[in-house]
Amino acid sequence: MSNFFSKKASSSSKSASETRPPREVPWVEKYRPKSLDDISSQDHAVQVLKRTILSSNLPHMLFYGPPGTGKTSTILALANQLFGPDLARTRVLELNASDERGISIVREKIKNFARSTVSNPTAAQRAAFPCPPYKLIILDEADSMTQDAQSALRRTMETYSRITRFCLICNYVTRIIDPLASRCSKFRFKPLDTGDAIVRIKDICEKENVVYEEGVVEAILRAADGDLRKAITLLQSASKLHGSSSSSSAPLDADADADADSMDIDSPSTTVTVRSIEEIAGRVPSSIITSLITTASPTSSSSFSEHFSALQTAVENVILDGWSAAQLLVQIHDELVFSDEYDGTAKNSIVAAISETDKRLLDGSDEHLTILDLLVKVSGILRKSS
Amino acid sequence: MSLWVDKHRPKSLDALSYHPELSTRLSSLAASGDFPHLLVYGPSGAGKKTRIVATLKELYGPGVNKIKIDSRVFVTPSNRKLEFNVVSSIYHMEITPSDMGNNDRIIIQELLKEVAQTQQVDLSAKQRFKVVVINEADSLTRDAQAALRRTMEKYSPNLRLILLANSTSNIIAPIRSRTLLVRVAAPSYDDISSILFAVAKKERVALPPALAERIALESGRNLRRALLTLESLYAQNDSLAPDTQIPTPDWEVVVTSIADDLIKDHSAPALLKIRAKFYDLLAHCIPADLVLKTLVFKLLAKVDAELKPEVVYWAAFYEHRIHMGSKVIFHLEAFAAKFMRIYEIYLQAMMDN
Ligand SMILES: Nc1ncnc2c1ncn2[C@@H]1O[C@H](COP(=O)(O)OP(=O)(O)OP(=O)(O)O)[C@@H](O)[C@H]1O
Ligand SMILES: [Mg+2]
């Protein structure tokens with residue numbers, strides 16, 4: 001496999017490399033914020049961090065919040081603004097869950113970096129960036145570090161705090177042991193505010209020439225649930241499927257793109273639709289959810305036996321159609337709990353049943369049987385309350 | 001000689017016979033130049049793998065079908081050596097987590113980085129990136145899934161992942177947020193019938209429509225099972241008739257007999273007899289959750305409607321326990337006992353009325 005490496009140097013076969021398609025960057029990377037000012041919606045964190053740039057005094061930090069809210073982007077932008085890209089190479093160590101981070105690595109690699117002397121910036125670097133006199137260790141996705149590895153970090157963090165600052169990043173703040181968390185300033189990253197997210201998505205649509213029908217941006221944000229990365233991925237996939245994204249922003253050579261372009265021209269549906277967003281997002285069409293619930297609701301028109309077998313068939317069909325049980329659960333929940341038709345007592349029991357179902361699914365229970373069980377319970381509850 | 005399921009597997013997207021809109025979508029993605037990471041999900045036997053292999057071919061051409069299997073050795077931090085098979089072509093690689101047990105995180109970390117840090121060997125390759133297909137992605141440990149996160153972002157110029165799973169429920173949110181979800185529904189009964197006809201025609205077998213329909217129905221919308229049934233029926237019978245008997249697998253016959261026992265006899269000795277049958281099934285490597293699920297649907301077909309909700313309730317309850325507990329036989333047995341009890345009470349109430 002080693003011969004895979006030495007590729008760039010040998011551009012001997014120039015013609016071959018010319019026919020190669022351009023390296024297209026996924027939009028999430030293309031539109032990853034480059035500076036703190038580009039970070040949407042996380043005003044509090046951004047404000048505090050900007051102040052630290054001015055004062056050049058950075059505490060240890062703990063960023064936490066759901067996926068796709070800008071944690072990684074923020075710290076990368078901050079590192080870049082503090083040191084500039086060149087100096088960052090010697091001043092910043094980024095480790096994430098894809099790196100081995102067991103206790104031995106903490107003791108060796110991290111500790112060695114933490115205690116190493118701070119490299120000196122050149123005059124040019126000093127002129128362009130604050131270049132504060134410390135190094136930065138970013139432990140991204142720190143919730144996947146073991147407790148042991150985390151406790152091994154404690155000492156290192158304290159001992160070398162004069163020359164090394166840490167930034168821990170995680171989704172679940174409770175997975176970070178207390179002694180570590182208490183040494184850090186905490187920054188909560190909120191699910192993205194819809195208004196801010198809309199601005200961002202519309203901006204990308206404009207830059208990429210995405211044509212979309214009314215309601216698409218809202219549908220994307222509904223499906224993404226505050227996760228901007230998911231929103232951008234959805235938008236890009238949808239626009240590819242509809243061939244609506246113009247290739248103007250892409251490099252021009254590539255033969256491979258020619259096919260795609262000619263397809264674009266005669267493909268009839270170049271407009272991204274709400275329905276396609278929902279399908280790509282894995283959302284179950286609401287007609288299916290409504291019909292499941294109708295089937296579970298008591299009727300006077302059929303016998304109980306007919307009612308039950310209708311329910312059994314309906315569940316079998318949604319499962320065989322591949323809808324994910326977790327997604328069904330979310331949507332069944334919303335449909336029932338936000339409806340005005342059921343009284344408090346019924347909703348109480350429904351929520352309890354949903355909670356149990358969620359736990360079972362997470363534990364790996366069979367989806368078909370578990371969803372059937374839920375709907376049979378719901379059916380019983382609705383019958384009692386009507 | 002290969003099985004019909006493999007022999008007649010469509011090799012390209014346009015040869016796939018059902019879900020045409022999905023094929024179109026995959027092919028525009030393949031043509032778009034920036035293929036995303038995919039999470040492909042759907043019930044087993046729905047044709048996920050076939051569709052993905054066809055997509056790979058669309059991405060790279062026939063070279064992806066030239067597969068080799070390498071044995072690789074990984075060393076754990078505790079210095080244990082792990083041997084692991086990697087299936088690959090020069091464009092893609094395929095891994096199956098269940099082959100690696102609890103060490104999946106280490107293997108994933110090493111393997112993906114290696115792929116990501118190397119470039120395409122074939123300079124004339126149609127894509128710059130290589131693809132790693134992960135089968136049964138829903139059985140990856142959480143640790144291993146976490147290890148994928150930043151890798152998927154950082155190495156996106158060189159690497160695309162295609163995750164295959166039965167459901168997205170056990171895929172962590174940060175991964176779902178990084179992938180395009182692709183749902184592959186099981187083919188409809190009609191889809192299956194027409195594929196059965198097409199295969200029969202190629203094999204020059206006369207297939208009566210009524211039989212095709214029955215095979216499709218019996219398969220529970222599982223195409224693989226339907227094709228295997230067709231082939232074995234053909235092998236076992238001189239000719240196929242509309243009423244040719246479709247044999248039930250042995251294990252299912254045993255489960256049916258358990259269901260019959262449960263309805264008939266609610267005594268302690270009967271429970272012992274049933275226990276022996278459960279043991280027998282487990283000894284033949286039939287997964288306990290499959291046994292329970294099959295059993296409950298057989299029971300549902302036999303009991304009065306009024307009793308059904310309770311049967312489902314307890315079946316789901318003990319099925320969950322199977323996953324959480326340490327000895328599966330306890331929970332199978334407990335379900336059997338529970339069923340006997342509720343059935344007995346129900347019969348009693350009927351008599352009192
Ligand atoms: N607040 C934000 N402002 C602007 N863009 C954002 C923001 N949050 C997320 N994004 C977009 O989403 C992508 C992913 O964000 P990022 O990697 O920072 O998420 P994260 O919070 O680290 O998520 P995870 O917990 O899954 O690691 C970015 O490349 C960017 O395009
Ligand atoms: Mg991140």
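**Reading the site of ligand 1**

Guide: Begin with a single contact in this predicted model. A polar side-chain atom of T72(A) is placed 2.6 Å from an oxygen atom of ligand 1. The protein covers 100% of the 640 Å² of accessible area that ligand 1 has on its own.

Visitor: Which polar backbone atom lies 2.9 Å from an oxygen atom of ligand 1?

Guide: It belongs to G68(A). For G70(A), a polar backbone atom is 3.0 Å from a nitrogen atom of ligand 1.

Visitor: Where does ligand 1 sit?

Guide: In the largest cavity.

Visitor: How many residues are around ligand 1, and which come nearest?

Guide: There are 24, and V28(A), K71(A), T72(A), S73(A) and R229(A) come nearest. By residue class, the shell around ligand 1 divides into 8 nonpolar, 8 polar and 8 charged residues.

Visitor: Why is the site shared between chains?

Guide: The site is shared because residues from both chain A and chain B surround ligand 1. Next, look at the secondary structure. At least two residues of the shell come from each of α4 (71-91) and α11 (228-241) of chain A and α5 (142-154) of chain B.

Visitor: Which feature does UniProt place at residues 57-193 of chain A?

Guide: The unreviewed entry gives "domain: AAA+ ATPase" there. An annotation of this kind may be inferred rather than shown by experiment. In the model, residues 57-193 of chain A are 42% helix and 18% strand, with the end C-alpha atoms 29 Å apart.

Visitor: What does UniProt place at residues 34-187 of chain B?

Guide: For that span UniProt, in an unreviewed entry, also lists "domain: AAA+ ATPase". Residues 34-187 of chain B are 29% helix and 26% strand, and their end C-alpha atoms lie 29 Å apart.

Technical notes. Residues numbered from 1 in each chain as written. Chains lettered and ligands numbered in written order. Predicted model: local features only at pLDDT ≥ 70, side-chain atom pairs only at ≥ 80, totals over all residues. Heavy atoms only, no water. Near = heavy atom within 4 Å. Polar contact = N/O pair within 3.5 Å; in protein donor to acceptor, adjacent residues only side chain to side chain. Areas by Shrake-Rupley, 256 points an atom, 1.4 Å probe, with all protein chains shown as cover. 1 Å grid on protein atoms, 1.4 Å probe; cavity = no way out; pocket = protein on both sides within 12 Å on 5 of 7 lines; lining within 4 Å. Sits in = over half its atoms within 2 Å of the grid points. Helix = DSSP H or I, 4+ residues; strand = E, 2+ residues; numbered from the N terminus. Nonpolar A, V, L, I, M, F, W, Y, C, P; charged D, E, K, R; others polar.
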